[in-house]
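Hi everyone, thanks for making time this morning. Let me put the structure up on the screen, and then we can walk through a few spots together.

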Amino acid sequence: MTEQAYLRDCYLSELDTKVEDVGEDGGVPFAVLADTIFYPEGGGQPADRGTISGVAVVDVQKAGDTIRHSLRHPLHPGPVHLELDWPRRWDHMQQHTGQHLLTAVALRDFGWPTTAFHLGPDKSDIELEVGQLAPDDIERLEEACALEIRAARPVRYRTAEVADFEQLGVRSRRLPEGFKGAVRLVEIGGLDLNTCGGTHLRTTAEIGTLCLLGTEPMRGGTRLFFVAGERVRRRMAAHEARNRDLRSLLDTSDDELAGIVTVRLAREKDLARTARGLAEELADHTAAFLAARSEAVVDAHWEERDMAFLQRVARMLVETAPEMCGLLTATNDGDLLFVVAAGEKSAIDPGETGPRVAEALGGRGGGRGPIFQGKAGSFRNRDRALEILRGSPA
């Protein structure tokens, strides 16, 4: 394949060319161009976006010796004008060049080889062949990268034969077995020489800044997350906006946010424990109240009570009054909950009667022993469910 425009000049954002072939793949139309400024997905870098004579490009992929541009609408062979989504391309160039620099510095200064790279929509990552990184390791790596960005090292392209890699000191990804011919290299002057077919900046200074976000363990190594260039500024703006809202809500300064939240979370946990205790106490008193009634079948309904509350009432009821049966219902965040409970001396078998009650309530459920529970579709036929439990004819 002849070298395409996206490789000849990564800064080219418009191009006049022609559609040489068209087709469809999985119902999505595509076009093959004589030349293209659109980068096809590969090497950890996503595909470019933009338009071809006003038609949106939704994906770009290599297909053998051609590049397919997946389109929103079909095109016909002939002359076309390409326009690149430049902000997206610029972002990818900043992230990808930042990755090359980060990988080179991690290897040169710390001896940590990179085994993989992924450029995500919000943050990117490299996979390092090293165990867990300490916070001061990350800080030292970030500062070393900052020095290389400020050095404004030139970024250039060249080609070389595989046989010359060792002599040139090429940091190479694995090439196909038996590969022969010239390979495209990306060089950061005085720092790195690497095989790569991606798009890059002209100088490390254009990265602007690179921020390391944190790590996570993976397959015996470490995944290191980062953002570069404009993403750092956008991330900082988002953090500031969030902190501004938190300062207003909590009426405190940035330095005190974590402490205030810690105190309030502890207080919330205490309140939740207290609420659970009160709910259990209420359930016990409710069960005692129902057990004191004279009917063989009792019922009760609550608004905004959960299944745990119904279950506790049911258990206490059948333990206190084993001859009784109960239909307990409640609403909870839009759900309609029900429990059928019967003591060991009751004439009701929840396993047999429960499904009939569920059907009457337009729902479903299950259970074993003294409790059958489920969700109802409606409580309009609640009286019919009670009739079933009281033995009225179907």
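Which residues does Asp192 touch, not counting residues up to four places away in sequence? Asp192 touches His100, Ala104, Arg171, Val186 and Glu187, where contact means heavy atoms within 4.5 Å.

Before going on, some housekeeping: this is a predicted model, in which local features need pLDDT of at least 70, side-chain atom pairs count only at pLDDT 80 or more, and totals for chains, interfaces and linings use all residues. Residues are numbered from 1 along each chain as its sequence is written, and side-chain values use heavy atoms, leaving out hydrogens and water.

Back to Asp192, which sits in strand E11, residues 192-195. Helices (H or I, at least four residues) and strands (E, at least two) are DSSP runs, numbered from the N terminus. Asp192 is buried, with a relative accessible area of 8%; buried means under 20%, exposed over 50%, and partly exposed in between, using a 1.4 Å probe and protein chains only.

Now for two helices. H5 (residues 230-250) and H6 (residues 257-291) pack at about 55 degrees, and their axes are 11 Å apart. The axes are lines fitted to C-alpha atoms, for helices over the stretch in contact, and angles run from 0 to 180 degrees between N-to-C directions. That angle makes H5 oblique to H6, the word for whatever is not under 35 degrees (roughly parallel), over 145 (roughly antiparallel) or 65 to 115 (roughly perpendicular).

Who meets whom? On the H5 side we have Asn243, Leu246, Arg247 and Leu250, and they meet Leu257, Ile260, Val261 and Arg264 in H6.

H6 itself has 35 residues and spans 50 Å from first C-alpha to last, close to the 51 Å expected at 1.5 Å a residue; that expectation is 1.5 Å times one less than the number of residues. Its buried residues include Leu257, Ala283 and Leu290. The buried residues of H6 pack against H5, strand E14 (297-302), helix H7 (307-320) and strand E15 (325-332).

Last stop, the loops. Most residues other than glycine have a negative phi. Arg219, though not a glycine, has a positive phi of about 40 degrees. Arg219 lies in the loop between strands E12 (210-218) and E13 (221-228), and is exposed at 70% relative accessible area. Glu304, in the loop between E14 and H7, has a positive phi near 55 degrees and is partly exposed at 46%.
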